[in-house]
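Open the model in your viewer and keep the selection panel at hand. The tour below goes stop by stop.

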Amino acid sequence: MAAVAEGSPAAAQAASAAAAAAAAKEAEYHKDVQKLVDLLSKLNPAAKEFVPSSAAAATPRKALSADAPVFYYGSVGAAFGNEGIGAYPAGADTGYIGNQQQRMRRNFVDNERRNGYFNHGRRRTNGRGRHADRDESIRRTVYVSELDHTVTEERLADIFANCGQVIDCRICGDPHSVLRFAFIEFSGEEGARAALSLGGTMLGFYPVRVLPSKTAILPVNPRFLPTTEDEKEMVIRTVYCTNIDKTVTQLDVKSFFEELCGEVSRLRLLGDNVHSTRIAFVEFVNAEGAILALNCSGMILGTLPVRVSPSKTPVKPRFSRVVSN
């Protein structure tokens with residue numbers, strides 16, 4: 001108890017000194033704050049350095065300015081002493097810094113291009129170009145209907161070649177008629193306009209109708225076109241069938257055509273989960289079988305009338321895939 005009593009005045013003195021130091025520190029802090037307030041009050045808020053970029057009257061910059069901050073991406077603490085990311089090497093002159101800025105800007109532009117920001121306009125331009133090409137192709141194309149089944153694409157192209165250069169001719173079957181229709185594309189619009197005068201011309205047993213086309217001819221994938229004389233001969237013996245019922249099997253298609261047209265040498269039945277019908281390529285042993293098959297357009301195969309047209313491509317044999325380890 002005596003020791004505690006003797007130490008009480010010393011403890012009180014220490015507490016008083018600590019309180020005095022805290023008060024002095026607080027007073028110094030308020031003094032520094034007041035100095036900062038006084039300093040800021042002397043500045044001009046309308047000075048250029050205080051005008052935000054969004055409120056500036058100048059036009060927006062489309063590229064980096066000469067004074068844009070550029071960082072040198074070096075390894076931290078390596079090669080340049082203590083300088084690392086965000087610093088230029090010690091002793092770098094103005095020329096060096098300018099070169100680094102130009103290089104970083106080029107890298108920025110390259111990255112933007114890789115990310116696709118510079119390609120949107122080009123993509124839109126390409127889309128407009130393709131649309132314009134399609135419209136031009138439609139203006140060069142005529143629609144020919146009421147075609148007799150004896151008329152071939154070669155003969156039809158020869159007849160309309162008198163109007164202009166024919167670059168494509170496509171005969172199609174109509175499932176609702178024994179007659180067929182065709183699309184003929186010319187190299188110029190003048191040929192298409194001249195072809196309209198052939199309406200009423202007798203081809204086979206019927207006069208044909210010729211009208212401006214509302215669609216362009218869908219191009220055939222060049223990879224599937226015949227490349228050898230053997231494949232060209234195969235095309236003559238092949239027909240292209242559409243509007244085939246999905247319940248019909250490959251054996252059903254083969255039996256259908258062999259019963260009416262002749263022996264089938266090769267057949268390919270195709271379909272997917274998107275379209276409600278299927279297509280087929282049927283190759284006959286003889287060209288006469290393919291000609292007879294064109295008369296089958298409109299006949300019921302399964303539950304739907306099949307559409308039969310001359311094929312542009314041969315039925316190429318399937319090759320087994322080689323699996324590599």
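**Helix α6**

Exposed means over 50% relative accessible area, buried under 20%, and partly exposed in between, with a 1.4 Å probe and protein chains only. This is a predicted model: local features need pLDDT of at least 70 and side-chain atom pairs pLDDT 80 or more, while totals for chains, interfaces and linings use all residues. Residues are numbered from 1 along each chain as its sequence is written, and side-chain values use heavy atoms, with hydrogens and water left out.

Helices (H or I, at least four residues) and strands (E, at least two) are DSSP runs, numbered from the N terminus.

**The second largest pocket**

Next, select Glu 154, Val 235, Ile 236, Pro 310 and Ser 311. Of the 20 residues lining the second largest pocket, these lie nearest its centre. The pocket holds about 490 Å³ of space. α4 (153-160), α6 (229-236), β7 (238-244) and α8 (287-294) each supply at least two lining residues. A pocket is an open set of points on a 1 Å grid where a 1.4 Å probe fits, with protein on both sides within 12 Å along at least five of seven lines; lining residues have an atom within 4 Å of a point.

**Ser 297**

Move to the loop between α8 and β10 (300-301), where Ser 297 lies. Ser 297 counts as buried, at 4% relative accessibility. A polar atom of its side chain is 3.5 Å from the backbone nitrogen of Val 308.

**Aromatic pairs**

Show the rings: the structure holds six aromatic pairs. Rings of Phe, Tyr and Trp (its six-membered ring) pair if their centres lie within 6.5 Å; planes under 30 degrees apart count as stacked, over 60 as edge-to-face and the rest as tilted. Tyr 240 and Phe 281 form a tilted pair, 5.1 Å centre to centre with 40° between the planes. Tyr 240 sits in strand β7 and Phe 281 in strand β9 (residues 278-284), 41 residues apart. Tyr 240 is partly exposed at 28%, whereas Phe 281 is buried at 17%.

Then pick Phe 256 and Phe 257. Their ring centres are 5.0 Å apart and their planes at 90°, so the pair is edge-to-face. Both are buried.

Last stop: Tyr 143, Phe 181 and Phe 183, linked by ring pairs into a cluster.

Conventions: Grid points are joined across faces, edges and corners, and a volume is the space filled by probe spheres set on the points. A polar contact is a pair of N or O atoms within 3.5 Å; within protein, one must be able to donate a hydrogen and the other to accept it, and residues adjacent in sequence count only if both atoms are side-chain atoms.
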